[in-house]
Amino acid sequence: MKKKLQLALVLLVILLLPVHGRAQVKRYTFRISIGSWNILPDVAVKSLLINNQIPGPAIEVTEGDVVEVKVINDSVLPHTIHWHGLEVPNDQDGVPYVTQDPIEQGETYTYRFVAAPAGTRFWHCHWSTLLHISGGMYGPLIIHPRDPRQDLNRKYGVTLERTMMIDSIDPAWQDKMLTMMAKMHAKKGMAAREENHKSSGERLFADVGEYRRAIEDGYQSPYLQGLPKPSYKYHLINGHPYPLVPPVKTRVGDTVRLRLINVGNLPHYLHFHGLQLLVVAIDGNTLANPRRVNTVPIFPGQAKDLILQPQIPGWWAVHDHAEWGSTNNGHFPGGTMFLLGVADREGKISAYIPRISLTQ
Ligand SMILES: [Cu+2]
């Protein structure tokens, strides 16, 4: 009897193995540099690039995989990387002076964690986040469920997938701040190297009491020094605003999964022409009751998974219905906008050929 039970267990394990697969170690290298990024052909912005791209590299793994990210800091500024929406060991969470020291110029640091929970998640720099996220330090972190019964692609029969990361930037502010910060840290770095110290040179306090005493003793808080503030002028999808956002081309009968991630500081309200869609997950977590909508609010730090099954052929506009989000430096159209091309069964999208207008 015992032997039969053992055999049944072994068979069960063998049956489950090919379905669930084995956890793997997935390795990534992030090389950080300061460079120029053309959001539009005539708008170049000083940026923080990871492997020379915005967004940075996409991490795509299966739940339970071990993720190893080697961060090489070739920039003069400090950084840490945070895994947004993941449940990682505390010392891998990437919050400077809360869970780790910043990664300084010339340093290499390796993060290691198990990918969980499944869903549409992302990563971003957590040092000077206002500047470093708008600078371009972010990327998708897609975790596929290990159990195929939890897989929304399988459930909805997804034939096409796109991930869109939304961010808003102020090029003039970003240029000024990155230049200023780079100069400051270069100076600090030189002084620190002479004294054989770490280069950040941040003033650190052990607790609130020490911070209060420092102010009583004449310490000047950085928040009273009046740094310039951003006034967001361009709204990007994967590093570019409309008209550089590539259209999503599909056909009647297809099922499209859009993974929207808002990494920026402004809310956006994406309105889809010509169809109703299903919101099937928020912040990577599957909804028990998907919502049928045609306008999708997406707030800072939020992710939403959308399922689209377009039925009417044509070129359909998808745009931010808070209209400032659909402008480039105040001019409509631009920003968070793209076209959804739906072909009929013969492959024809529309008799009307869309062109690009920038002067409406
Ligand atoms: Cu950074």
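Reader: Which domains does the domain assignment give for the chain?

Author: The assignment gives three entries: domain 1 (24–150), domain 2 (172–197 + 209–224) and domain 3 (234–343). Keep in mind that this is a predicted model.

Reader: How far apart do the C-alpha centres of domain 1 and domain 2 lie?

Author: Those centres are 24 Å apart.

Reader: How many residues of domain 1 are in contact with domain 2?

Author: Nine residues of domain 1 are in contact with ten of domain 2. On the domain 1 side, β2 (43–50) and α2 (129–134) each supply at least two residues. That side divides into five nonpolar residues, three polar and one charged.

Reader: Now the strands. How do strands of a sheet pair?

Author: Through backbone hydrogen bonds, either parallel or antiparallel.

Reader: In which sense do β3 and β8 pair?

Author: Parallel, over four bridges, with β8 covering residues 138–144. Threonine 62 stands opposite histidine 144 in β8.

Reader: And the chain as a whole: how many helices and strands?

Author: Five helices and 19 strands. Of the 360 residues, 36% count as buried. The C-alpha trace spans about 75 × 70 × 35 Å along its principal axes.

Reader: What share of the contacts with a separation of 6 or more comes from residues 24 or more positions apart?

Author: They account for 73% of those contacts.

Note on methods
Residues numbered from 1 in each chain as written. Predicted model: local features only at pLDDT ≥ 70, side-chain atom pairs only at ≥ 80, totals over all residues. Buried ≥ 20, exposed ≤ 12 C-beta atoms within 10 Å, placed from the backbone. Contact = placed C-beta atoms within 7 Å. Pairing = 2+ DSSP bridges. Domains from an automatic or database assignment. Nonpolar A, V, L, I, M, F, W, Y, C, P; charged D, E, K, R; others polar.
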